[in-house]
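Welcome to a short tour. Open your viewer, get ready to select residues as you read, and follow along one stop at a time.

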Amino acid sequence: MSRAGQWFHPVEPSPDASIRLFLLPHAGSGAIIYRDWESLLPPDIAPQAVTLPGRHNRREEPTYGAFWPLLEALHEAVLDDLDDRPFAFFGHCLGAQLAFRLAIRMEEEGGPAPVMVGMSGWSPEGFFQPTEEQSRMPESELVEWIKKLGSFPAEIYDNPEMLALVVPALRADLRVAAQYVDDGAGVACPLASYGGRSDPLQEEPDAMTHWAGRTPAYLGHNEYSGGHFYIDTHAQAVTAHFAHRLQRIAAHHAR
């Protein structure tokens with residue numbers, strides 16, 4: 001398996017699709033959050049979910065505990081894996097943070113860049129940001145804290161085996177997120193945002209409106225019932241909305 005192949009599931013994108021879509025998960029998680037997306041997306045879009053080191057099939061690899069080295073490694077993995085098809089990013093929570101900065105980095109370099117990005121459950125302004133100290137909390141406190149925040153799927157909390165797998169990766173990802181400093185940067189490509197109406201991580205009621213100032217081609221915000229994990233119950237609606245716009249944008253690029 002190539003170095004890039006470890007990052008993506010499935011390893012090979014569908015050869016029949018005309019558009020590629022990289023899916024970036026929330027803190028502590030991996031490809032599993034997007035397990036239904038392949039069946040929900042139209043066949044001309046080939047999704048590949050990102051798995052960061054230290055979880056799932058990459059459990060034996062050391063986690064990244066710093067934002068920019070992780071972004072650098074992810075950037076290299078994506079570049080290694082690209083072909084000549086147009087591609088897009090979609091990220092949830094920490095995944096949105098990474099997808100956004102990855103898009104900025106690729107546009108700045110002037111090489112291959114996404115034709116569209118989808119931001120879910122995070123905004124560069126008005127959203128909760130963990131601290132380095134919070135990443136080091138004793139496990140019982142950490143679990144109670146993330147439970148209260150609603151920042152992890154409910155079934156994890158009562159399963160000691162799942163917690164043992166999740167907590168080390170979660171601590172690393174909290175350290176990564178704690179280091180992020182917003183510099184007001186934006187992207188040139190179209191951007192759409194998505195969120196849960198009662199997301200406890202959203203500290204300002206109008207937090208998602210800040211995306212309008214981060215791209216000249218903002219496609220608007222779509223809000224759904226539910227909290228931070230609205231995306232689990234509304235995957236069909238989110239994929240339909242995102243795919244429709246991505247198809248239209250990719251067709252325009254192909255002309």
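**Stop 1: two crossing helices**

Select helices α2 and α3: α2 passes α3 in a right-handed crossing, a label used when the near helix is turned clockwise from the far one by less than a right angle. Helices here are DSSP runs of H or I with at least four residues, strands are runs of E with at least two, and both are numbered from the N terminus. The axes of α2 and α3 come within 10 Å and cross at roughly 65 degrees. Those axes are lines fitted to C-alpha atoms, for helices over the stretch in contact, and angles run from 0 to 180 degrees between N-to-C directions. Now show side chains: among the residues that make the contact are F67, W68 and L70 of α2, together with Q97, L98 and R101 of α3. Contact means heavy atoms within 4.5 Å.

Before moving on, please note that this is a predicted model, in which local features need pLDDT of at least 70, side-chain atom pairs count only at pLDDT 80 or more, and totals for chains, interfaces and linings use all residues. Residues are numbered from 1 along each chain as its sequence is written, and side-chain values use heavy atoms, with hydrogens and water left out.

**Stop 2: the sheet**

Next, colour the strands. In which order do the seven strands of the open sheet stand? The order is β1-β3-β2-β4-β5-β6-β7, with mixed pairing; two strands pair if DSSP finds at least two bridges between them. β1 (8–9) and β7 stand at the edges with a single partner strand each, so one side of each has no neighbour in the sheet.

Select β2 and β3 (residues 45–50): they run parallel and are joined by five bridges. Within this pair, F22 has Q48 of β3 as its bridge partner.

Move along to β4 (residues 87–92) and β5, a parallel pair joined by four bridges. Here G91 has M119 of β5 as its bridge partner. To get from β4 to β5, the chain passes through helix α3 (residues 94–109), making a right-handed β-α-β crossover. Right-handed means that, with the strands pointing away from the viewer, the path from the first strand over the helix to the second runs clockwise.

Stay on β5 and look at its other partner, β6: four bridges join these two, which also run parallel. V117 stands opposite L191 in β6. Which way do the side chains of β5 point? V117 and M119 point one way from β5, while G118 and S120 point the other way, and all are buried. Buried means under 20% relative accessible area, exposed means over 50%, and partly exposed lies in between (1.4 Å probe, protein chains only).

**Stop 3: helices across the sheet**

Bring α3 back into view: α3 lies across β2, β4, β5 and β6, at about 150 degrees to β4. Then select α8 (residues 235–254), which lies across β2, β3, β4, β5, β6 and β7 and runs at about 170 degrees to β7.

**Stop 4: charged pairs**

How many salt bridges does a search of the whole structure find? The search finds twelve, where a salt bridge is a side-chain nitrogen of Lys or Arg within 4 Å of a carboxyl oxygen of Asp or Glu.

Select R20 and D81, whose side chains meet in a salt bridge (2.6 Å, N to O). R20 belongs to β2 (residues 19–24) and D81 to α2 (residues 67–81), so this pair links parts of the chain that are 61 residues apart. Both R20 and D81 are buried.

Now try E125 and R214, with their closest N and O atoms 3.0 Å apart. E125 is partly exposed at 31% relative accessible area, whereas R214 is buried at 6%.

**Stop 5: backbone details**

Finally, zoom in on the backbone. H9 and P10 are joined by a cis peptide bond, with omega about -5 degrees, and P10 lies in the loop between β1 and β2. In the loop between β4 and α3 you will find C93, a residue other than glycine with a positive phi, near 60 degrees. C93 is buried, with a relative accessible area of 15%.
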